[in-house]
Amino acid sequence: MDEREFREKLENCLEQTASLREQREVVAAAAGSPALRVLLTASLSADASLKALRSERAPFVRSALEILRNPDAADRFAKSMRKKVEATVVLPAVAARRRARRRAVILRGGWLWKAAAACVLVGLGAAVLYRTRIAGRVARVAAVEGQVALRRDATDAVCRPGTWLRAGDELLAGADGGFAIAFVGERTRVDVSGNSVLAFAGIRAGKRLELRHGVLDASVVKQPAGRPLRIVTPHAEASVLGTRLRVMAGAGSTRLEVREGEVELTAREGHESVVVAAGQVAEVAPETPLVARTPGRDYYVDAESRGGPSDDAGPGSKSRPWRTLARAFAEREPRPSPGDTIWVRGGVYGEALTITRGGAPGAPLALKAYPGEQPMLDGQGKLQRGIQLPREAAVEELVIEGLALRNFTARAWALYAGGARRLVLRALHVADAAVGVWFDGCRESSMVGCDIHDCDTNVGVFNSSSNVLLRGNHLHHARVRENVSISTPAAGVVGRGALSTVVPHAPGIARFTCTDLQLDRIEPYGRELRGRAEGETRTWELVLLFADPAEPRPDAEPIPGGILTLPDGRGWFPLRNNPDWDNRPYSPDGKSGLFEIGRAQMDRLAAARYVYVAVLGKPELGCREIRIVDNEIDHAARFGLTAHTVEGLFVAGNNLHHNRTTAVSVGHGSRRVWIEANRCRANNAVHWYEAGIEVAASTDVVIQNNTTHENRQGIRVSQCERVLVRRNIVYQNRAQGRPENDPLLPANSGGLAFNGGTYDSISAPPGARDNAFVHNTLYGNGHPRCRWSEVRYGHPKCLAMEGNSFLNNAVQSATDAVVFEAWGMPRGRLDGNIYFGTRMLVARWYGTGWAEKTYPISDADGFAAWQRDTGLETHSLVERIDFVDPETGDFRLRRDSAAVDRGQPLALTTAGGAGAELPVDSVVCFSAGFATGDGKRVTPGDEIMVAGKRARVVAIDRERSVLTLDRALRWRQSDPVNYVYAGAGPDVGALEHGIAVDVASGE
């Protein structure tokens, strides 16, 4: 045996990883060779010295081991090691002997202890130098099977048994590969299977392994106190002191199985922990409770026989898997039951899957891609649907994770979920279908971490779905319509035109026909209506008819009556389907319809020259409690996100960009909406009124802490009540994506557009009441050719705008354009704003008879005239605002900015008093936060300051104009009420100087 081979086997013996045969070979070689015997003696002496030091002087040993891993420190450490060992081991031993022997004996035998010390030091130095040369020899690859690569310093090489690992090394096992890792000085062994990636992160605070994806089995001996073996995945961290376990890291979750002992499992997001005992499993996954439970059975589907010969007649085990997904959900034994997991191995599955059963509360049935592998459902351009959960099955407690679905024919869903409850979709990859994922009447369901793209509509939430969460997904490149569509059947105005005929059809039933009725806005739903059973009440729609005998005025009085009457007296009529029309609500040409109507109303219709038809789904069909959080939403053919008739919508933390129309569009009777901390950029390619954020015909909306830039318009609010727009940064919305000769540029490029609507919508009454635009920053908006640049207030077709506030906004323009345009005298509060521009600033308003009045407000006299004629803007001014770096989007205020401490009170107390109920002159600028329909708090209410004292708003009584606070305060009459601020007063604009606020995240 040569010296190199002897050293390697000796190292294995010292690390207790050598086999019995290797130990015998080392002993025999040392007995037969004096040189190898000296090396053996020196290594054993050094090893014993280190062990002694480890027990008594752990800090020193830890630092020594850290230095040992650095090959450049060999000589330096060898010298320091001699001194430290002499001071801590040799000299104390010599001193003890001196006290026990006579001086003469000691002098006579002095050379003995010096020689012994020299031997120990020489041996220790040799071992130190030897171990330092093989720097970082803490863990090694004990075994390799199949194809395994070692990635070190961004370079891949073939991994071989015996390879020593350094911190930062990655091991990549191929489909047929696998490897084992052993550690120095202990019998811990980690086995990693194929299609896995494992990184060795070192031992600074205990051994640390990072399983990027794949399957890991470990047998771990007892670890030192406070220094567990840590196994980290993208989702979780397992702390192991000594046990046997398995970790499975998939695309969307991490699963831990403990076979002996106990393991603490901690979620990396939220840091929730659970102790998993022997015989239990736990799973860390988004929107899933972290609990330890008794595991169910595992079944396997393998179309390509990766794990063993696959056959649908087999037991579905790992070695004898099923071949098709349909077999996993067939009604024959053995069949998966609640709590079980169906593992789908990699490969292509050319089948459609119908799922009619799920799991049970606390024991969901899971359909998952095997970790590290990618199963693909391929429609091959022939199949209509990939995965279908029929509404009549009402599947509950089902998890689908890690699958890919692609290539389904037009008019088909890749994944259709009808009536499901507690459905969880994780880490799916969906492409090329009419609809990627369709939630139809689902409840308490979620889609997390999915990549969905290149479908006509990527995601639909439809038809009375409730408590649905979309979080952390990438939704992009919708080919025809939206990336995300949340709607009910036929919401909003769908047609108008000249009335041609009204003909009695049966007692109480009339048929009407229009010469120019357009129904294209419900076309996506028309196809679905044709496929529904006749008489199924959930498909009925309610129709409102506006008749006018003279001209096509959309504000004509609607025909009264019908089965449903709204508070403002507008009537609704049930639509009657005609079997001759293939169960469609309209004639084949889309021009005629049947309606239940009285004789008097029919006469009015017959006398009308024009009719306006509005269709809205039944109220019970509206979606409720929908959350869209932390998604990337981009490159849709139309909207990034559109939502109609939603009760309880929460849109936060999303990045929406390069959608061809509006990024976030909410409308048609939506209520209780919260839009926060979204970034909307470059959404601006097709229609007239693209914006970063648009809200229309909706009530009780908060739009805050958003950044919107490079769109056609920044924020647009139309025909709404109780909308609060605050702390948004709206800049450089100039329709950059439109050509210079676009005829729509002059009227449709700018920062903020606010109006009372044009009566196009039936979902809300016309006008705009009790809305507030406060503490926003608007900068550099509007194209040079546009009619207005920063703020457009009102609309010539609707002047019913009352009780609105425009306070403490920082408005800075870069063009010779109108910075504030008001159609009709603004009725409400306009004050505390600062306007500035490097070029001429103009304000304009249109009074009685649409007489135009223009004010050059960058001129002192012009601004004074604006204040005098409007009676508003008493404390507003025109002055440079001084942002830190607005051209790069940094809109923090400089200390000497004119906007610092210049804000006006958002409200004043109306009477002195004490307690938790604060009476104020206006509540429109405040919010009690966002809560779900069942009262679960999602965001807290406003933290406010009342005469320098802080409290939080927990409820608002609009009729009494009272804020209910979370604590009792004492105040005087006319005390100012503001958001929390630093300094002598609130600042103007979105960002308060001295208080760190990340507008992009809302924190």
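**Backbone and cysteines**

Guide: H271 is exposed, with a relative accessible area of 61%. Exposed means over 50%, buried under 20%, and partly exposed in between, using a 1.4 Å probe and protein chains only. This is a predicted model: local features need pLDDT of at least 70, side-chain atom pairs count only at pLDDT 80 or more, and totals for chains, interfaces and linings use all residues. Residues are numbered from 1 along each chain as its sequence is written, and side-chain values use heavy atoms, with hydrogens and water left out.

Visitor: What is the phi of H271?

Guide: About 60°, a positive value, and H271 is not a glycine. Most residues other than glycine have a negative phi, and most peptide bonds are trans.

Visitor: Where does H271 sit?

Guide: In the loop between β14 (262–267) and β15 (273–277). Strands are DSSP runs of E, at least two residues; helices are runs of H or I, at least four; both are numbered from the N terminus.

Visitor: And R727, what about its phi?

Guide: R727 is not a glycine either, and its phi is positive, near 55°. R727 lies in the loop between β55 (721–726) and β56 (729–731).

Visitor: Which residues does the cis peptide bond join?

Guide: E333 and P334, with omega about -10°. P334 falls in the loop between α8 (325–328) and β18 (341–344).

Visitor: Switching to cysteines. How many disulfides?

Guide: The count is 0, where a disulfide is a pair of cysteine sulfur atoms within 2.5 Å.

Visitor: Is C455 buried or exposed?

Guide: Buried, because its relative accessible area is 0%. C680 also counts as buried, at 0%.
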